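Have the structure open and follow along.

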Amino acid sequence: MAEDTPTIYEWAGGAPAFERLTEEFYRRVQQDELLAPMFRRMSAEHPHDVAVMLSEVFGGPTDYTDEHGGFKRLLSKHRHRNIQPEQRERWVQLILQAADAVGLPTDREFRSAFLAYIEWGSRGAMANSQHDAKPAQRESLKIWGWGE
């Protein structure tokens, strides 16, 4: 890709866009009968932490790794949660609705890259959440690009 090609993070609108996304998303989660029980003990900082993580994943600052514990912390947040396929699917549905509601870009290139990560990441979270799961061996967050 060309050097002047923006990252997905930049194309989305940077940190403010991911903050809006996660605030709207977790507002929806708290009202959802399938997901709300999983998040009933969610801290007030959780939407911000997820915004910081998504920002890093999509090519933004490495604050999640530098200040929040990186991939090991992310993995620990999902361990033994026993996420079920219907919960994962609802999670994806609600984050896509939130992306529309907060005005994330709707062009096919952005939405394809965004959805690809959301699907991949949520499937990984579900797999790592099972009681018999062997933790992923990766040390760092997967940085998601335009598919190159």
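Start with α2 and α3: these two helices pack at an angle of about 135°, and their axes are 8 Å apart. That angle makes α2 oblique to α3. Keep in mind that this is a predicted model.

**Where α2 meets α3**
- The crossing of this pair, α2 and α3, is right-handed.
- On the α2 side, the residues involved are A15, F18, E19, L21, T22, E23 and Y26.
- They meet H46, P47, H48, V50, A51, L54 and S55 in α3.

**Helix α2 on its own**
- Buried in α2 you'll find G14, A17, F18, L21, T22, E24, F25, Y26 and V29.
- Those buried residues pack against four helices, namely α1 (8-12), α3 (46-57), α6 (85-101) and α7 (108-129).
- As background, an α-helix has 3.6 residues a turn, so residues three or four places apart point the same way.

**The α6 and α7 pair**
- Helices α6 and α7 pack at about 150°, with 10 Å between their axes.
- At that angle, over the 145 degree cut-off, α6 is roughly antiparallel to α7.
- The contact draws on P85, R88, W91, V92, I95, L96, A99 and D100 from α6.
- From α7 come R111, F114, L115, I118, E119, S122, R123 and M126.
- As for handedness, α6 passes α7 in a right-handed crossing.

**Helix α7 on its own**
- The 22 residues of α7 should span 32 Å at 1.5 Å a residue; the end C-alpha atoms sit 31 Å apart, so the two agree.
- The buried residues in α7 include F110, R111, A113, F114, Y117 and I118.
- Further along α7, G121, S122, A125, M126, N128 and S129 are buried too.

**A closer look at E56**
- Which helix holds E56? E56 is in α3.
- Is E56 buried or exposed? Its relative accessibility is 4%, so E56 counts as buried, given that the cut-off for buried is under 20%.
- A polar atom of the E56 side chain lies 3.1 Å from the backbone nitrogen of Y64.
- Leaving aside residues up to four places away in sequence, E56 touches P61, T62, D63, Y64, T65, L141 and I143.

Methods:
Residues numbered from 1 in each chain as written. Predicted model: local features only at pLDDT ≥ 70, side-chain atom pairs only at ≥ 80, totals over all residues. Heavy atoms only, no water. Buried < 20%, exposed > 50% of the residue type's maximum accessible area, 1.4 Å probe, protein only. Contact = heavy atoms within 4.5 Å. Expected span 1.5 Å × (residues − 1). Polar contact = N/O pair within 3.5 Å; in protein donor to acceptor, adjacent residues only side chain to side chain. Axes fitted to C-alpha atoms, helices over the stretch in contact; angles between N-to-C directions. Parallel < 35°, antiparallel > 145°, perpendicular 65-115°, else oblique. Left-handed = near helix turned anticlockwise from the far one by under 90°.
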